[in-house]
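Take the points in order, and keep the 3D view open as you go.

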Amino acid sequence: FDCSSYHYKSRRTDPAALKKRIKEICETRVRYGYRRVHFVLQREGWHVNIKKTYRIYNEMGLQLRNKTPKRRVKAKLRDDRQDAVQTNDVWAMDFVHDQLATGRKLRVLTVIDTFSRYVPILDVKFSYRGEDVVNSLERVCVDIGYPKTIRVDNGPEFISRDLDLWAYHKGVVLDFSRPGKPTDNAFIEAFNGKFRQECLNAHWFLSLADAAEKLETWRRYYNEERPHSAIGNKSPIMLVKSDGDTSPPI
């Protein structure tokens, strides 16, 4: 045979699946650059060089911009999102803002179990960082168990390395909402509305300690006494505690 008839056969694999996964990561984690995307790919078992990740990242026009993404930007939810079928399947988490009587701002971390509607924590602070979210979650989870999934938005505390590392070690999936789509986390949005109407708007908070005490009192009422139409007018604690004990686990 003439040597000119030999042709090199590329051994490259089809990058379609890799491109799809990179795009999915960037759509749900809008503040991730190519280095963080590459780290996530490695964690998931993809054998890909960082140069290839960078090349695909640029070819698809996914470069991280400094401007805040506009609300019309589209993002695709993961196809495997499913409803919770038991306690600790899915939690939803968010922040609510309020203030003291003196005008000093407060931030409240709100968490709800989407199956039982149980609220494991209402944690109030003057300011929050990613490590503060981790500490609050860990304090609760050691008593009532770790959720399989936590639905969050793309706030800086929720896309932080601290929370991502904690979730990785504990086997918790962080399910990020699409930018500008609060309905992706409808459970926590609905709860935040009730929380503001029934608790925040009904009280003056004189200090951080006073706010924490009043929020804890309302949280216990919400979990142990308040009927919920979505769960047959039962209280959340009835679904959490199968032995009938109405004392909260935390």
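1. Let us begin with a pair of helices: helix 4 and helix 5 pack at an angle of about 30°, and their axes are 8 Å apart. Axes here are lines fitted to C-alpha atoms, for helices over the stretch in contact, and angles run from 0 to 180 degrees between N-to-C directions. That angle makes helix 4 roughly parallel to helix 5, as angles under 35 degrees count as roughly parallel, over 145 as roughly antiparallel, 65 to 115 as roughly perpendicular and the rest as oblique. On the helix 4 side the contact is made by Gly130, Glu131, Val133, Val134, Leu137, Glu138 and Cys141, and on the helix 5 side by Asp162, Leu163, Trp166 and Lys170. Contact means heavy atoms within 4.5 Å. The residues of this contact divide into six nonpolar, one polar and four charged (Ala, Val, Leu, Ile, Met, Phe, Trp, Tyr, Cys and Pro count as nonpolar, Asp, Glu, Lys and Arg as charged, and the others, Gly among them, as polar).

2. A word on how to read the values. This is a predicted model, in which local features need pLDDT of at least 70 and side-chain atom pairs count only at pLDDT 80 or more, while totals for chains, interfaces and linings use all residues. Residues are numbered from 1 along each chain as its sequence is written, and side-chain values use heavy atoms, with hydrogens and water left out.

3. Now the overall plan. The protein has eight helices and five strands, in the order α-α-α-β-β-β-α-β-α-β-α-α-α along the sequence. Helices (H or I, at least four residues) and strands (E, at least two) are DSSP runs, numbered from the N terminus. Of its 250 residues, 42% count as buried, where buried means under 20% relative accessible area, exposed over 50% and partly exposed in between (1.4 Å probe, protein chains only).

4. Back to helix 4, which covers residues 130–144. Its 15 residues reach 21 Å from first C-alpha to last, close to the 21 Å expected at 1.5 Å a residue; the expected span is 1.5 Å times one less than the number of residues. Among its buried residues are Val133, Val134, Leu137 and Cys141. What covers the buried residues of helix 4 includes strand 1 (90–99), strand 2 (105–113) and helix 5 (161–170). After the helix comes Gly145, with a positive phi near 100°.

5. Which helix packs against helix 1 at an angle of about 70°? The partner is helix 3 (residues 50–59), with the two axes 10 Å apart. This makes helix 1 roughly perpendicular to helix 3. Leu18, Lys19, Ile22 and Cys26 in helix 1 meet Lys52, Thr53, Ile56, Tyr57 and Glu59 in helix 3. The buried residues of helix 1 include Leu18, Ile22 and Cys26.

6. Please look at Asp94 too, in strand 1. Is this residue buried or exposed? Asp94 counts as buried, at 9% relative accessibility. Its contacts, not counting residues up to four places away in sequence, include Val108, Asp153, Phe158 and Glu189. Asp94 and Glu189 are 95 residues apart in sequence, yet 8.1 Å apart in space, C-alpha to C-alpha.

7. Last, the cysteines. Cys26 is buried at 12% relative accessible area, and Cys199 is buried at 0%. With a disulfide taken as a pair of cysteine sulfur atoms within 2.5 Å, the count comes to zero disulfides.
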